[in-house]
Amino acid sequence: MKAMQIQIPAELRGHSYTESPIRKIGLALFGVGVLVFMIGATGAFASIPLLYSMLSLGVGTIGALLAILPGIGARKPGINHDGIMFSPWKNRRSVAWLLGILITAFYVTLYWFPSTLDHMVVAFDPLSWPLRGKAADRWFLYGTLYTLAVLIMGVRMLIKYRHSRYQTIRTISVMFFQLVFSLLIPGLLQLFNEPEFYFHYFWPLKYDYLFPSKLSSLFDGTHLAVFMGFWTLVMAFLATPVLTYFYGKRWYCSWVCGCGALAETLGDPWRQLSDKSLTAWRIERWMIHSVLVFAVVMTGLLWLNSAMEGAVLGGLSRGFSRTYGFAIGAMFSGVVGVGFYPLMGSRVWCRFGCPQAAILGIIQRYFSRFRITTNGEQCISCGNCSTYCEMGIDVRAYAQRGADIVRASCVGCGVCSSVCPRGVLNLENGPVDTRNI
Ligand code: SF4
Ligand code: SF4
């Protein structure tokens, strides 16, 4: 018997997007930009940094935007996640593994083989000189690529979630903080011979900001440096708990933080890969709180050591903080946290390792007014919310019971609400005593 063929209307197939000639040209240009950038490692462009910059960063950026922009016309506003389980780069298949290996290799090179990048950093000189008054280095290369990734993939987020006002404003927020607070302000501070400082990072995420050596160097510096010292203390001990009480951890994790910015933009295609099992939840709680304890103990010991003029740690104090920087700062937040996006989802670091998220999570779970309310009678159990929760929360299980969601790990990204076809989920700040879990 002849199999019946179902004709799907073209506008529902999404083919116009993937087959768009502009998108294909964009992907080709992006490939050319990446290729030129890689060739630069040989030193071929060392004497012509501006041309190298234009052919690699310029062409690559234009290509990426051309690949993304056709999505505006080709897809209607609304929930667009079709085909995600069949895509070889979104569902832990060959391309995903290749991407994971490439991103991981980049981090390994950045941390342990920096000389490989010596010739590539010149591509960033045309931006570094006017911004910082000096030549680019590997960290400026990293910061600029990071910011480009957030901005380009932020445009993709704005197109994809344009049906949601919350997602639109939140995405603009993370793009703004990454561009201004992570790249421009620290660069200008160096231009004016002030300490390099990131006003949107606080202890314990920026673990050295509360070290005795760092604070004393700030308080011994210029007026601006002293302000940075006060800013550090106020944000860590006052503003962070107060803001989290009122708004939950979302004010930071999904609106301000650079790690969150990358996860919400570059990491969005892989948010569905987060492990939803109870075992993962158990591991998550152990790991993230262990890192927090490590950060607190380390900071406390360094202060004790400083007060006792080195009698506690002796010459070990530098090695102590270096160990933390290597294990947590480099290995966990960089290599695993970003390199494993295509395999473990976009929030591996935020979920399993970030000590800042651990503190905010404790406040959110026990003291905050933030919660996600559910209108259980409207839930059709489709599971969209659980699938796209990047923190591995089984949102549907709460929705089916009509229970409020008050979880320490929830970063308030609001995607569960944005992908719900029934409007069941609402992110709210309300009286604490209405929670029911
Ligand atoms: S529960 Fe919803 S708001 Fe919270 S992290 Fe998951 S998707 Fe984001
Ligand atoms: S809350 Fe919404 S997205 Fe989640 S299972 Fe119910 S209907 Fe689906």
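Colleague: In which loop is Asn 193 found, and is the residue buried or exposed?
Modeller: In this predicted model, Asn 193 is found in the loop between H9 and H10, where the residue has a positive phi of about 55° although it is not a glycine. Its relative accessibility is 71%, and exposed means over 50%. Asn 193 therefore counts as exposed.

Colleague: Which bond joins Trp 203 and Pro 204?
Modeller: Pro 204 lies in the loop between H9 and helix H10, the latter covering 212–219. Omega between Trp 203 and Pro 204 is about 10°, and the two residues are joined by a cis peptide bond.

Colleague: Arg 92 has a positive phi although it is not a glycine; how does the residue count by accessibility?
Modeller: The phi of Arg 92 is about 55°, and the residue lies in the loop between H5 and H6. Its relative accessibility is 41%, which falls between the limits of 20% for buried and 50% for exposed. Arg 92 therefore counts as partly exposed.

Colleague: How are H6 and H8 oriented to each other?
Modeller: The axes of helix H6, residues 94–112, and H8 come within 10 Å and cross at roughly 150°; the crossing is left-handed. Angles over 145 degrees count as roughly antiparallel, and so H6 and H8 are roughly antiparallel to each other.

Colleague: Which residues of H6 meet H8, and what is the make-up of the contact by class?
Modeller: On the H8 side the contact includes Trp 139, Leu 141 and Tyr 142, while H6 contributes Phe 106, Tyr 107, Leu 110 and Tyr 111. By class, the contact of H6 with H8 has nine nonpolar, no polar and one charged residues.

Colleague: Is Glu 390 buried or exposed, and which residues is it in contact with, leaving aside neighbours within four places in sequence?
Modeller: Glu 390 has its place in the loop between helix H19 and helix H20, and at 2% relative accessibility it counts as buried. With neighbours within four places in sequence left aside, Glu 390 is in contact with Glu 264, Arg 271, Ser 274, Ser 346, Arg 347, Val 411 and Cys 413.

Colleague: How far apart in space are Gly 73 and Leu 141?
Modeller: Gly 73 is found in helix H5, residues 71–74, and counts as exposed at 72% relative accessibility. Gly 73 and Leu 141 are 68 residues apart in sequence, and their C-alpha to C-alpha separation is 34 Å.

Colleague: What radius of gyration does the protein chain have?
Modeller: The chain has 21 helices and two strands, and buried residues make up 49% of its 437 residues. A compact globule with 437 residues would have a radius of gyration near 22 Å. The value for the protein chain agrees with this, at 23 Å.

Note on methods: Residues are numbered from 1 along each chain as its sequence is written. Chains are lettered from A and ligands numbered from 1 in the order in which they are written. This is a predicted model: local features need pLDDT of at least 70, side-chain atom pairs count only at pLDDT 80 or more; totals for chains, interfaces and linings use all residues. Side-chain values use heavy atoms; hydrogens and water are left out. Helices (H or I, at least four residues) and strands (E, at least two) are DSSP runs, numbered from the N terminus. The radius of gyration is taken over C-alpha atoms; the globule rule is 2.2 Å times the number of residues to the power 0.38. Buried means under 20% relative accessible area, exposed over 50%, partly exposed in between (1.4 Å probe, protein chains only). Contact means heavy atoms within 4.5 Å. Axes are lines fitted to C-alpha atoms, for helices over the stretch in contact, and angles run from 0 to 180 degrees between N-to-C directions. Angles under 35 degrees count as roughly parallel, over 145 as roughly antiparallel, 65 to 115 as roughly perpendicular and the rest as oblique. A crossing is left-handed if the near helix is turned anticlockwise from the far one by less than a right angle, and right-handed if clockwise. Ala, Val, Leu, Ile, Met, Phe, Trp, Tyr, Cys and Pro count as nonpolar, Asp, Glu, Lys and Arg as charged, and the others, Gly among them, as polar.
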